[in-house]
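Have the viewer open as you go.

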Amino acid sequence: GANQSTSLERVVVRNSGVPGTIGRTSSHGDIYLNAGTLALTNVLLVANTGSNSVIVANGTLDAVNCTVVGTKNGCGVQTKGGAATVLNSILWDNVNGGAVSTGGTLSLAYCDSQDGADAESRVISSDPKLYPADRSRAYHLRQSSPCVGIGDSSMWSADGLDLARNLRLRNGKVDLGCYAFDVPGFILMLK
C-alpha cells in the first residue's frame with residue numbers, strides 16, 4: 001500500500017532480471033518501487049539485467065551506502081515519479097548511467113557517480129577502484145579508492161556495520177558504497 005515502509009539492509013542482488021526479459025529490456029527494474037517507502041542500506045546491486053537496477057515510479061526511496069555497478073540494460077537508479085535520495089553510494093559502470101530522472105525528484109549527495117561531479121552536493125566522478133568480480137574481495141574498496149573516508153557519517157552510530165559486518169565508522173569517517181574499506185592485516189602469534 002501507499003503508506004507501507006520496507007527496509008532492505010545488508011543484501012546482495014546479483015545477476016537479477018525481471019522474468020522473461022533476458023536479452024531485452026523491460027519497463028520494470030530489478031527493484032521497482034510503485035508506492036510506499038523503501039530504505040536500502042548497505043546493499044550491493046551488481047550485473048543486473050532489468051531495464052535499470054532500481055526504478056522509482058512512485059513512492060520514496062532512501063538509499064544509503066549502496067553500490068550499484070554493472071547494470072547491463074540500463075542505469076543504476078531511475079526516477080519516473082516519486083522521490084529518490086541516494087547518499088554515500090557508488091553508481092558506476094552501468095550501461096546507461098549511474099542515476100537518471102525522467103520524472104519525480106532525484107537527489108544524490110556524497111556519492112561517486114559515473115554521470116559527473118557536483119561539488120555542492122559532494123558527488124565525485126572518479127573510478128571507485130573496486131576489486132573485480134573474480135576476486136575474493138569483489139566490489140570492496142581498494143586502498144587507493146577516492147571513496148575512502150569521504151561520506152556523510154551523521155547517520156551512523158559507532159557500532160554501525162557494513163555489508164560484510166565490518167564497522168562502518170573509522171576515526172569518525174565513513175566510506176562510500178556497501179563495503180567499508182577494511183585494512184588488510186595479519187595476526188602474529190608468539191609462543
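Is Arg10 buried, partly exposed or exposed? Arg10 counts as partly exposed, because its relative accessibility is 26% and the partly exposed class lies between under 20% for buried and over 50% for exposed. Please keep in mind that this is a predicted model.

**Salt bridges**
- The count of salt bridges comes to two.
- One of them joins Arg10 to Glu9, with 3.3 Å between the closest N and O atoms.
- Glu9 is partly exposed as well, at a relative accessible area of 46%.
- Arg170 and Asp182 also meet through their side chains in a salt bridge, at 3.3 Å from N to O.
- This pair links distant parts of the chain, 12 residues apart: Arg170 sits in strand S15 (residues 169–170) and Asp182 in the segment after strand S16 (173–174).
- Arg170 is partly exposed at 34% relative accessibility, and Asp182 is partly exposed at 23%.

**Nonpolar cores**
- The largest nonpolar core has 21 residues, and Leu40, Leu45 and Val54 are among those with the most contacts inside it.
- Elements giving two or more residues to this core include strand S4 (37–41) and strand S7 (60–64).
- Beyond its neighbours within four places in sequence, Leu40 touches residues including Leu8, Ile31, Val54 and Leu61.
- A second, separate core of 16 residues includes Trp92, Ala138, Cys147 and Tyr179.

**The open sheet**
- Five strands pair in parallel, in the order S2-S5-S8-S11-S14.
- Strand S2 (12–14) and strand S14 (112–113) are the edges, each pairing on one side only.
- Three bridges join strand S5 (residues 44–46) to strand S8 (residues 67–69), and Leu44 stands opposite Thr67 in S8.

Note on methods: Residues are numbered from 1 along each chain as its sequence is written. This is a predicted model: local features need pLDDT of at least 70, side-chain atom pairs count only at pLDDT 80 or more; totals for chains, interfaces and linings use all residues. Side-chain values use heavy atoms; hydrogens and water are left out. A nonpolar core is a set of buried Ala, Val, Leu, Ile, Met, Phe, Trp, Tyr and Cys residues joined through side-chain atoms within 4.5 Å. Buried means under 20% relative accessible area, exposed over 50%, partly exposed in between (1.4 Å probe, protein chains only). Helices (H or I, at least four residues) and strands (E, at least two) are DSSP runs, numbered from the N terminus. Contact means heavy atoms within 4.5 Å. Two strands pair if DSSP finds at least two bridges between them. A salt bridge is a side-chain nitrogen of Lys or Arg within 4 Å of a carboxyl oxygen of Asp or Glu.
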